[in-house]
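Dear colleague,

Please find the structure below. My notes on it follow, and I would be grateful if you read the two together.

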There are 2 protein chains.
Amino acid sequence: MDAERRLRSRGYRLTPQRRAVLEALAGEGGRPLDTSQIHKRVSREFPGIGLATVYRTLELLVELGIALPVHLHEGSRHYELNTGEHRHHLVCLSCGEVQPFRGCDPGELAERVRDESDFLVTSHCLSLFGICGSCRSPGRGR
Amino acid sequence: MDAERRLRSRGYRLTPQRRAVLEALAGEGGRPLDTSQIHKRVSREFPGIGLATVYRTLELLVELGIALPVHLHEGSRHYELNTGEHRHHLVCLSCGEVQPFRGCDPGELAERVRDESDFLVTSHCLSLFGICGSCRSPGRGR
DNA sequence: CTATCAAATGATAATAATTATCAAAAAGCA
DNA sequence: TGCTTTTTGATAATTATTATCATTTGATAG
Ligand SMILES: [Mn+2]
Ligand SMILES: [Mn+2]
Ligand SMILES: [Zn+2]
Ligand SMILES: [Zn+2]
């Protein structure tokens, strides 16, 4: 795992707890998880791990660019591994299913902004809401 | 104000408190405000207004489509009046300035999503982060 | 291998945002 | 005016997040 190098090069240790958080984020198809979900999963391997450790680990992983914060409109933030691929998410308002969306071009977006202002875009946050295919097809709803 | 009709048609009353919240959202160039900012402004006219009333009013205004929730990455949500114009916001990471961005075409976005999935987009949430013009120009920074 | 020191953890308290309750006040109407 | 429903304000309860601090762990020097 490349995360270990990025941690060590900054003087941080890859502890078992941190490894477990990384594995939780990597599992289950890499869907974005909130802190509670991550804590539950890590607890299977580390019964009694503190919720604060989960928060601290996520904060660190985001700082190092290993994880990305995702906003899915509810109360709590979600996190996902930074795969290097630029993507956002489609959130089904009916079943809650979250799937990745890759049709966003950050460069083109920044240009469009520059056209109407002198603002320099360095990052953005996009979430798309609607109804997923399963919820729309009559046969195979869930 | 058209908000009054929308309220009354659903059996709600346009109370002085609700009017004050609407005025707070309309003032100051219609910038998105969080609940604390709204509460402070309304308190000038209504000393002792409950914070819960502000929350309840915002929830109602959003339900009726009179106000829109805006996510600007920090802890608390922001709200703005629904002007009917589709727009998002540019958030300066240096000075915190927030300015509207109108270069988003929801229809085109929905099409792009349909191209790569069978997801039907009904709404989306976009925030753009970066450095504003004032913070980049050496002479007139703030 | 053991002593040492900084980093990390777990338990817990403290904040902060939001929501729920409920009795009192206000508004609309007979 | 009296009755009914809505709305409010005060307050408690939740929930998410951050801060503290004593203890443990991991790396390293001797
Ligand atoms: Mn994007
Ligand atoms: Mn848009
Ligand atoms: Zn669905
Ligand atoms: Zn700025």
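Which residue is the bridge partner of A:Cys92 in β6(A)? The partner is A:Gly130.

This is a predicted model, in which local features need pLDDT of at least 70, side-chain atom pairs count only at pLDDT 80 or more, and totals for chains, interfaces and linings use all residues. Residues are numbered from 1 along each chain as its sequence is written, chains are lettered from A and ligands numbered from 1 in the order in which they are written, and side-chain values use heavy atoms, with hydrogens and water left out.

Strand β4 (residues 88-92) of chain A pairs with β6 (residues 120-131) of chain A in the parallel sense over four bridges. Strands are DSSP runs of E of at least two residues, numbered from the N terminus, and two strands pair if DSSP finds at least two bridges between them. Between the chains, β6(A) and β6(B) pair in the antiparallel sense over 11 bridges; A:Leu128, for example, has B:His124 as its bridge partner.

The open sheet has six strands in the order β5(A)-β4(A)-β6(A)-β6(B)-β4(B)-β5(B), with mixed pairing. Each β5 (98-101), in chain A and in chain B, stands at an edge with a single partner strand, so one side of each is left without a neighbour in the sheet.

The contact (heavy atoms within 4.5 Å) takes 35 residues from chain A and 35 residues from chain B.

With kind regards
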